[in-house]
Amino acid sequence: MKKVTNDHRSRVTKMLIRKAFMELLRQKPLASISVKELCELAGINRGTFYSHYQDVYDLLDQLEQEMMNDFQKALEPLLEAKPFHPVEISTGIFRCLQDNSDLCTVTLGDYGDKRFARRLLNIGREKCMEAYLRYFKEATPRQVEYYYAFVSEGCIGLLRKWLEDGMTGSAEEIARMAEEIMLHGLGFLERYGEEGHANR
């Protein structure tokens with residue numbers, strides 16, 4: 001029972017630290033954040049912070065690594081030898097982004113870790129290159145590279161808009177929207193408009 005209590009306390013503490021940290025990162029660069037002000041904002045003492053993290057850099061590293069692990073899991077279906085269902089894969093990715101919306105907001109903001117954003121994009125590129133070249137055998141590596149460059153930037157735009165809207169739509173809805181845009185371009189507006197009229 002004591003272990004369960006300690007685990008719960010640890011999760012709550014980490015949640016308070018994360019919330020305070022994200023709030024500070026929206027306002028200033030990492031180098032300007034002190035453990036003292038972070039602890040004051042989180043309502044914890046410094047000893048509690050240091051029982052989990054070495055410093056604010058270690059804190060950011062751990063948060064980013066946790067999201068990186070979730071992101072890689074979301075991409076795993078790309079490499080499975082089952083029928084290719086882009087919307088299922090995109091839903092998993094957008095769900096991962098939704099679960100880490102605070103970190104996404106900070107990463108895309110003025111003081112975000114742009115290296116982390118590039119790492120996510122590079123992992124996505126590697127997995128997509130491997131999967132798309134297998135599924136679309138007539139495509140050249142260069143074509144797939146350009147395709148990924150185009151759609152990845154588009155998905156970042158969708159993510160920004162989704163975050164601005166408070167992530168009011170579901171991950172599946174955004175994933176379906178992304179798929180429609182990728183597959184049909186401007187035709188997406190007609191198809192989406194027709195669906196909208198049908199659902200009224």
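View 1. The structure, a predicted model, contains zero disulfides (pairs of cysteine sulfur atoms within 2.5 Å). Cys96 takes part in no disulfide, and its nearest cysteine sulfur, that of Cys104, lies 7.2 Å away. Cys155 is likewise in no disulfide; here the nearest cysteine sulfur belongs to Cys128, at 9.0 Å. With a relative accessible area of 6%, Cys96 is buried, whereas Cys155 is partly exposed at 23%. Buried means under 20% relative accessible area, exposed over 50%, and partly exposed in between (1.4 Å probe, protein chains only).

View 2. Arg18 sits in helix α1, which covers residues 2-25. Helices are DSSP runs of H or I with at least four residues, strands are runs of E with at least two, and both are numbered from the N terminus. The relative accessible area of Arg18 is 15%, so this residue counts as buried. Apart from neighbours within four places in sequence, its contacts (heavy atoms within 4.5 Å) are Leu63, Glu66, Asn100, Asp102 and Leu103.

View 3. The mean pLDDT (the predictor's confidence in each residue, from 0 to 100) is 87 for the protein, and 89% of its residues reach 70 or more. Where pLDDT is low, predicted coordinates should not be read in detail.

**Notes to all views.** Residues are numbered from 1 along each chain as its sequence is written, and side-chain values use heavy atoms, with hydrogens and water left out. In this predicted model, local features need pLDDT of at least 70, side-chain atom pairs count only at pLDDT 80 or more, and totals for chains, interfaces and linings use all residues.
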